[in-house]
Amino acid sequence: MLTTGVIILIAGLYLGGLFLLAFWSERRAARGRGGFISSPLVYTLSLAVYCTSWTFYGAVGSASRSGLEFLTIYLGPTLVVMAWWFLLRKLVRISKAQRITSIADFISARYGKSASISALVTIVSVAVVAPYIALQLKAVAASVDALAGLHQAATVDVHGRSILADTGFWVAVCMAVFTILFGTRNQSADERQPGVVAAIAFESIVKLLSLGAIAVFAIYGMNSGLGELFDRADWHEGVQRLTTLQEDFETRWLVTLFLSAAAFICLPRQFHVGIVENTNERHLATASWMFPLYLLLVSLFVIPIAISGMTQLPETVNPDLYVLMVPQSAGQTELALIAFIGGLSAATSMVIVSSIAMSIMISNHLVTPLLLRLSVFSQQRTADFSKVLILVRRLSIIAILSLGFIYYYSIGTTSPLASIGLISFAGVAQFLPALIGGVYWEGGTKSGALTGLIAGFALWTYTLLVPSFAGAGWGFISVLDEGPFGIALLQPDALFGLAGWDPLVHGLTWSLTANVILYVAVSLFSRQSPLERLQSAVFINAFDRSRTGVEGAIPRSAAPEDLFRLARRILGRERADQLFADYAKSRGVERRADLPATDPALIVYVERALAGSIGAASARSLVARIAKGETISLESVIQILDETQEAIRYSRELEKKSRELEKTARQLREANAQLTELDRMKDDFLSRVSHELRTPMTSIRSFSEMLVEQGAEGGAAALEGEQAQRFLSIIQHESVRLTRLLDQILDLNRMENGQLDWELQEVDLADIAREAAETMRGLAQNGDVALIDGLGDARLPVLADPDRLKQVFVNLLSNAIKFNDAAERGGAAKVWLELERRPAGSGGAVCAVAIRDNGPGVPPAEQQTLFSKFSRGWKEGSRRPTGSGLGLAISKQIMLQFGGELLMTASSPAGSSFAVRLPHAERALQAAQTDAAPETGPEAGPEAAPEAAAE
């Protein structure tokens, strides 16, 4: 068993190590080498300051008392973080733009930088945070006593001890020293504190690892695994609550889920680490999955510890101490010490960050406004005020920790940790209406926010805090039992007769309902000041560029030297010099003295810099003393916003029209390129046809002249019969060739103009394809090309002209054979004639035959114009056969006349594939009878097999 002195020594060494880590991190960041501290991992771990001693100790106690309800405490933050795009991102964006320092500053800035609202939020926060700090002190003190074997029961009476003998007092002192040394090093409240953030992130790792170690011990140290853990616990009522949902759990679950979600946003410490300390909005995206994972692990670790505590520890042991007592009961002192360090980390991280956040709020919104009203501080020639600010914050840290200790010493030992935590959650939830309404409802007013917050805080105090005080023996017993002045309807725990409700549900329902109703109602019946209207527009439209920078358009003027003296008084000489030097540089001015005498943007710039140190309301008040012409009308504000928005809208319209013009110009360029290409193809076609006409004409002329000359010299008999017959045969062949070319041109022209009459009859598409294959078999053998018939015994009835249909297949097969260069590439040239593979669901409405080959394929540049009459077909390849190039164009027209289609379905260097498709004969007849247009079959997907090219 460890003694109290040893435990305190170990705790002191741990806090000393934490101090060194914070100091080292601070030094690295100052040297520009703290990149890791600004990483999304450290940011996510800093968010785990949410997991306080309530999580470390109280979650196990809550699981033992209430079963699975403890999960709601983690589900709420999980939902908020996963939906970061809608709320957290906006809060961060606004806070960085407005130099926000705390949640009080945020709400105050939204409602016209109201000093009264910021002061009220600060007072509420103090009242709410004090019990929460007491909770941490209670947890650490109880863990020290339990580890030393002094107390293990559910309640511990500290009233018999002197303050100096109380463990919680020394814990508070140590935390105050650490927070003062590192939490108030920067005078600017909105500047990041890398040392503190690094320490908090490290403590989050310690919390998780220590809780995980205890969970593993509970499973495998006190049991042989999860199976035995649950088998041995079937009889225990508390374990059964962990595996089942209690009756009427919905209301309590919804309330605690809502409270945890609200607390994750509204707790001063969570706002500080999540919003003020955020340096990059993209870190929220990482936190959206990493932080829920952290909470999931914590939740999983809680269950085995709770089960082991309920089943293997005496019933007199406080469930909040199961994390410590489970290993200690098994004689694992070292593991119990690890658990203590984890609980200490959970408590210290919360107290440190809460103290920092609360010291900023107390300093900026309660003390500083009062000091600036005193003549000794209100004079512009007063010495550096920044040292006073730091002193005030340090005293505020001492004050808030003292208040937390007083609460702990007087009341904190009588309630479970979860009970105290939920009361605090219900208190900070009163900020939610003004916060959410402030960033999403432009009509929210300062009067509405003040009225709602006052009513909500008052009812929270009356329905939740008063019963807590009564239970601790602080009086209010008669009020709790009989109601004030004996009015039973006003009993704090049964207000207006709502008896029998869960105390938390009862208190939250009354306080938050009154808050929301009054906020909305008063806002609807009150008017915003010009500054409220301006801030409202800026907050609501945080992502709208038309609403950014509008504050600089407000007609205010102040001498730069007066603004400099004000900045120097609040920020100190060094920071003021740097502030104005940066602004002068951004304006292209070398010296501060060269800045224009009237520059509204400079006033906004200085005001926001001051807001980072003393809050928006105090900064506004100070700047207003030297800025002239600040009073503006509501109409002026609206005009500023409307003019800015109109300018942005006009700019966007110009951008849109510019994009449309660019698109039109691009389309015209593409059309021109296509026309140029068609013109080139037409010239090539005419040249090719002329060549094809000239060749037979030359032959006819030459041989005719030879016959004429021989006849003139000695008559036709002068030529040998065989030679004359050969000349006449050549003349006849070339004449036929010439006629065929002219017929092709004329046929293509008449088909395109619809001047040909077709006599269609029912034929078998497969038989026509076979006949064409037999016709081309000789050409294939001469070219050493294997022609493979894969049609089998298929029957494909269609309506067509058999001769014209055969012409299509002959042309396709001829191309596939003539252009196949597989042999030249070291392979075997092949051409396949087969049924086309139809896509699923195409049915039998279309008959299709495919011709594919393993030739060179069609170049991509030629594929778009392959069936054009101006296209030559393949322009690349090892073979360049002659011809008019009209074969594919004519074949395409023939298929269109039959109501079918001819298309290339695939092409690659491994070959090409063409498809001949026609409607089934029955479908074609039905279409003709109903006088419908010919239908084309559905597109078949391209095949992986190769394919032929076109002439």
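## Salt bridges

A salt bridge is a side-chain nitrogen of Lys or Arg within 4 Å of a carboxyl oxygen of Asp or Glu. The side chains of Arg917 and Glu836 meet this criterion, with an N to O distance of 2.6 Å. The model examined here is predicted, and it holds 10 salt bridges.

## Arg917 and Glu836

Arg917 belongs to strand 7 (residues 911–919), while Glu836 sits in the loop between strand 4 and strand 5.

Elsewhere, salt bridges with shared partners join Glu69, Arg252 and Asp502 into one network.

## Glu834 and Arg852

A further salt bridge is formed by Glu834 and Arg852, whose closest N and O atoms are 2.4 Å apart. Glu834 lies in strand 4 (residues 830–835) and Arg852 in strand 5 (residues 846–853), a separation of 18 residues. Glu834 has a relative accessibility of 13% and counts as buried, because the cut-off for buried is under 20%. Arg852 is also buried, its relative accessible area being 12%.

## Arg65 and Asp320

Arg65 pairs with Asp320 in a salt bridge, with 3.2 Å between the closest N and O atoms. Arg65 is part of helix 3 (residues 53–66), and Asp320 is in the loop between helix 14 (283–312) and helix 15 (322–329), so the pair ties together parts that are 255 residues apart in sequence.

The two partners fall into separate accessibility classes: Arg65, at 31% relative accessibility, is partly exposed, whereas Asp320, with a relative accessible area of 3%, is buried.

Five strands make up an open sheet in the order 2-4-5-7-6, and their pairing is mixed. Strand 2 (786–790) and strand 6 (901–908) are at the edges; each has a single partner strand, so one side of each is left without a neighbour in the sheet. From one strand to the next, the twist averages 15°.

Strand 4 and strand 5 are paired in the antiparallel sense over 5 bridges. Val831 stands opposite Asp853 in strand 5. The salt bridge between Glu834 and Arg852 also connects strand 4 with strand 5.

## Helices across the sheet

Helix 31 (residues 765–775) lies across strand 2, strand 4, strand 5 and strand 7, and runs at about 25° to strand 5. Helix 33 (residues 802–818) lies across strand 2, strand 4, strand 5, strand 6 and strand 7, and its angle to strand 5 is about 25°.

Note on methods
Residues are numbered from 1 along each chain as its sequence is written. This is a predicted model: local features need pLDDT of at least 70, side-chain atom pairs count only at pLDDT 80 or more; totals for chains, interfaces and linings use all residues. Side-chain values use heavy atoms; hydrogens and water are left out. Helices (H or I, at least four residues) and strands (E, at least two) are DSSP runs, numbered from the N terminus. Buried means under 20% relative accessible area, exposed over 50%, partly exposed in between (1.4 Å probe, protein chains only). Two strands pair if DSSP finds at least two bridges between them. Axes are lines fitted to C-alpha atoms, for helices over the stretch in contact, and angles run from 0 to 180 degrees between N-to-C directions. Contact means heavy atoms within 4.5 Å.
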